[in-house]
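Dear colleague,

I am handing over the structure below, followed by my notes on what was found in it. Please read the notes with the coordinates open beside them.

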Amino acid sequence: MYLSIGNDMAVRDTSIIGIFDLDNTSTSKRTREFLNQAEQEGEVVPCDDLPKSFVVTAEYGLHRVYLTSLGSATLEKRLK
């Protein structure tokens, strides 16, 4: 099954490591460091709008961080 994360993108639900609210988690120094490192390594897939949350995935040995304009609660509801 796939999860639509907006902007005509979808990720496989079995590859999702976590769904995180950007406003709440970006206050942490470790989260900011993680996002900066992922961006430097080219693992971040940006969205067109102002991002509200991010989805971390791992599949086939590749890690990706998808920024999405959808809220984390909306994405969690879509998973159910």
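I begin with Arg12, which counts as partly exposed because its relative accessibility is 30%, where buried means under 20% relative accessible area, exposed over 50%, and partly exposed in between (1.4 Å probe, protein chains only). Please keep in mind that this is a predicted model, in which local features need pLDDT of at least 70 and side-chain atom pairs count only at pLDDT 80 or more, while totals for chains, interfaces and linings use all residues. Residues are numbered from 1 along each chain as its sequence is written, and side-chain values use heavy atoms, with hydrogens and water left out.

Arg12 forms a salt bridge with Glu59, with 2.6 Å between the closest N and O atoms; the term stands for a side-chain nitrogen of Lys or Arg within 4 Å of a carboxyl oxygen of Asp or Glu. Arg12 lies in strand S2 and Glu59 in strand S5, so the pair ties together parts that are 47 residues apart in sequence. Helices (H or I, at least four residues) and strands (E, at least two) are DSSP runs, numbered from the N terminus. Glu59 also counts as partly exposed, at 25% relative accessibility, and by this rule the count comes to one salt bridge.

Turning to strand pairing, two strands pair if DSSP finds at least two bridges between them. Strands S5 (53-59) and S6 (62-68) run antiparallel and are joined by seven bridges, with Phe54 standing opposite Leu67 in S6. Strand S4 (residues 44-45) pairs with S6 in the parallel sense over two bridges, and here Val45 stands opposite Tyr66.

Which residue takes a positive phi in the hairpin of S5 and S6? That residue is Tyr60, with a phi near 55° in a hairpin that has two residues between the strands. Tyr60 is exposed, with a relative accessible area of 72%. Asp8, found in the loop between S1 and strand S2 (9-12), likewise has a positive phi, near 55°, and is a residue other than glycine; Asp8 is exposed, with a relative accessible area of 84%. As background, most residues other than glycine have a negative phi.

On the interior, a nonpolar core is a set of buried Ala, Val, Leu, Ile, Met, Phe, Trp, Tyr and Cys residues joined through side-chain atoms within 4.5 Å. The largest such core has nine residues, namely Leu3, Ile5, Val11, Ile16, Ile19, Val55, Tyr66, Leu70 and Leu75. The elements giving two or more residues to this core are strand S1 (2-6) and strand S3 (16-21). There is also a second, separate core of seven residues, which includes Leu22, Ala38, Val56 and Val65.

For contacts, meaning heavy atoms within 4.5 Å, the neighbours within four places in sequence are left aside for Ile19, which then touches Leu3, Phe54, Val55, Ser72, Leu75, Glu76 and Leu79. Ser72, placed in helix H3 (residues 72-79), is buried, with a relative accessible area of 14%, and under that exclusion of neighbours within four places it is in contact with Ile19, Phe20, Asp21 and Ser53. Thr31 in helix H2 (residues 29-40) counts as buried at 16% relative accessibility, and it touches Thr25, Ser26 and Phe54, not counting residues up to four places away in sequence.

With kind regards
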